Amino acid sequence: MTVLLLILSVVSGVFLGKYFGKKEKLAKNLLILSAGFLITICLNEVFPQVYTAETGTSLGIFVIIGVLLQMILEALTKGFEHGHFHHHSEHNILPAALMVGLFIHAFIEGIPLANDEHELSPYLWGIVFHNLPISFILGAFLFNRKNESRSAPSYPSLLIIALFALASPMGMLLGNYFDPDLQPYFLAIVGGIFLHISSVIIFESNKNHNIDWLKIGLVILGVSLALVMHLFHDHGHLGHHH
């Protein structure tokens with residue numbers, strides 16, 4: 001079920017992006033909604049697990065590592081995670097670099113799922129909600145770009161999509177071979193990634209710094225969805241197997 005959800009979140013997002021990719025406002029709204037959901041999952045689910053873990057190491061440094069890692073990955077993806085693909089020339093984005101950046105990002109997020117004790121955990125749904133808008137943007141970029149410019153080189157679009165869809169399941173598979181005691185460290189890194197992405201989307205300046213009530217409403221909706229999931233879900237879902 002977990003693997004199927006992860007793959008479907010990417011495939012459905014790409015499908016929507018291919019057919020509705022011209023609607024940049026829709027992509028932006030999906031991102032904002034997912035950011036509200038993601039930052040709530042991060043603060044209510046991931047960080048409590050990290051900071052209550054009995055380790056001899058300060059795990060805060062691994063959260064910082066996650067933030068820095070995401071900043072490095074964005075040099076490859078050019079901010080796809082934030083919907084920034086339209087802010088610069090699309091010719092500056094090399095599909096190989098995009099593929100590597102997105103793969104590493106999704107692969108790392110999948111590792112903690114190996115020790116996730118409940119299949120439909122809020123952490124899993126955080127990744128699913130996060131994948132949808134990114135895949136939407138990816139589908140819009142890969143397919144609409146090709147249609148607009150026949151002279152552009154033919155990129156391995158399906159390969160990029162397949163690798164992105166399989167990255168988190170592959171990370172989950174690898175996670176089975178790690179000591180469960182390492183779980184808090186991976187969660188801390190992913191928490192840093194989640195925190196960076198969601199905060200950038202939420203706190204980006206609005207035009208002329210006016211209040212954007214739609215944006216605020218979407219963030220509140222995303223937060224509310226995550227809180228409802230948090231309240232109705234058993235705790236300890238990202239704990240160790242004993």
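## Ser168, a buried spot

Buried here means under 20% relative accessible area, exposed means over 50%, and partly exposed is in between (1.4 Å probe, protein chains only). Ser168 counts as buried because its relative accessibility is 3%. Ser168 sits in helix H6, residues 157–175; helices are DSSP runs of H or I with at least four residues, numbered from the N terminus. Leaving out residues up to four places away in sequence, Ser168 touches Leu6, Ala106, Phe107, Gly110 and Ile127, where contact means heavy atoms within 4.5 Å.

A quick word on the model: it's predicted, so local features need pLDDT of at least 70 and side-chain atom pairs count only at pLDDT 80 or more, while totals for chains, interfaces and linings use all residues. Residues are numbered from 1 along each chain as its sequence is written, and side-chain values use heavy atoms, with hydrogens and water left out.

Over in helix H7 (residues 183–203) you'll find Leu195. Leu195 counts as partly exposed because its relative accessibility is 26%. Setting aside neighbours within four places in sequence, Leu195 is in contact with Ile39, Cys42 and Phe47. Ile41 is 154 residues away from Leu195 in sequence, yet their C-alphas are 9.7 Å apart in space.

## The nonpolar core

Tyr123 and Leu138 have the most contacts inside the largest nonpolar core, which has 58 residues. Such a core is a set of buried Ala, Val, Leu, Ile, Met, Phe, Trp, Tyr and Cys residues joined through side-chain atoms within 4.5 Å. H2 gives this core its largest share, twelve residues.

Conventions:
Helix = DSSP H or I, 4+ residues; strand = E, 2+ residues; numbered from the N terminus.
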